[in-house]
Amino acid sequence: MTVTAPAPTTRTIGLRHGLRVTVQEFGENRDGTGVLVLHGGAGPRSVAGFAAGLSQHAHVVVPTHPGFDGTARPDDLDTVADLASSYLDLLDELGLHGVMVVGSSVGGWIAAEMALRDTGSRISALVLLGSTGITSEPPLEIANPAVLGPVRTGELAFHNPDLRPDPTALGDEQKAVMAANQRTLAVYAGDPFCHDPKLRSRLHRVTVPVLVLAGEQDGIVPLEYGRALADSFPRATFRPVPEAGHFPHIEQPGAVFAAIGDFVGAEVTPDGE
């Protein structure tokens, strides 16, 4: 029997210093715990189906990074670290604890930065999907969609050709949104693109369990980059996902959900709590 996920609700939440963040919420907040899902440069639509699936098991919150999908971005909100601090404020505002933070691509970088700053111990685990953020050794290049263009980006991002977006099928409004999202990504991702050369040396301070999932055919972030990222944490599990590119949660959702379930059972709630 197929279980239909409830439709998400959308609202805008005011945080400290006047920042307002638009969030989608999936499922019910019954006990003050939840999952925070952070999208990458492809925008919140790239994690919506995944969030709906997670909501069968938990309350799920998906913020839209300010500046994406037509939302406002204050001029002084211009780094991944700024987003990480803001999303910790969001967890405070929502009163959530025991939060699993799931990040896709640059969302994984934000998740790692959140864990480094989590003085309130609200985060219980990280799940990183095709994540960026570190300088690997030896250095591995992260592909920049702004340089590649939409066609080549789709070829590198998706193993399954049927899932690659067709730019010629997009209307002018959709193209404008995508272009604006790429400009916002460039602001947050910075230079060097999509990584902080100092981050890897700090990740030993992240004490919560971490699951790193990487598509075996990811042409945006190389598979070995994911291994290097996992090796940077003291409590990390690395799982390659076959027949998947940069979005394993889209191409192989069953494998991703199974890996998360195993991870939660073994590392997050090993006593079955």
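Helices (H or I, at least four residues) and strands (E, at least two) are DSSP runs, numbered from the N terminus. This is a predicted model, in which local features need pLDDT of at least 70 and side-chain atom pairs count only at pLDDT 80 or more, while totals for chains, interfaces and linings use all residues. Residues are numbered from 1 along each chain as its sequence is written, and side-chain values use heavy atoms, with hydrogens and water left out.

**Nonpolar cores**

- A nonpolar core is a set of buried Ala, Val, Leu, Ile, Met, Phe, Trp, Tyr and Cys residues joined through side-chain atoms within 4.5 Å; buried means under 20% relative accessible area, exposed over 50%, partly exposed in between (1.4 Å probe, protein chains only).
- The largest nonpolar core has 59 residues, and those with the most contacts inside it are Leu36, Tyr87, Val101, Met114, Leu126 and Phe233.
- Helix H2 (residues 80–94) gives the most to this core, namely eight residues.
- Apart from this core lies another of 23 residues, including Val60, Val127, Ala259 and Phe263.
- Phe233 is in contact (heavy atoms within 4.5 Å) with Ala112, Leu126, Leu128, Leu203, Val206 and Val210, leaving aside neighbours within four places in sequence.

- Ser104 lies in strand S5 (residues 99–104) and is buried, with a relative accessible area of 1%.
- Not counting residues up to four places away in sequence, Ser104 touches Leu38, His39, Gly40, Val47, Leu129, Phe247 and His249.
- The C-alpha atoms of Ser104 and Pro248 are separated by 9.4 Å, although the two are 144 residues apart along the chain.
- Ser105, in the loop between S5 and helix H3 (106–117), is buried, with a relative accessible area of 11%.

**Backbone geometry**

- Most residues other than glycine have a negative phi, and most peptide bonds are trans.
- Ser105 is not a glycine, yet has a positive phi of about 60°.
- Glu243, in the loop between strand S8 (236–241) and helix H8 (248–251), has a positive phi near 55°.
- A cis peptide bond with omega of about 0° joins Glu137 and Pro138; Pro138 is in the loop between strand S6 (123–129) and helix H4 (145–148).
- Asp191 and Pro192 are joined by a cis peptide bond with omega of about 15°, and Pro192 is in the loop between helix H6 (172–189) and S7.
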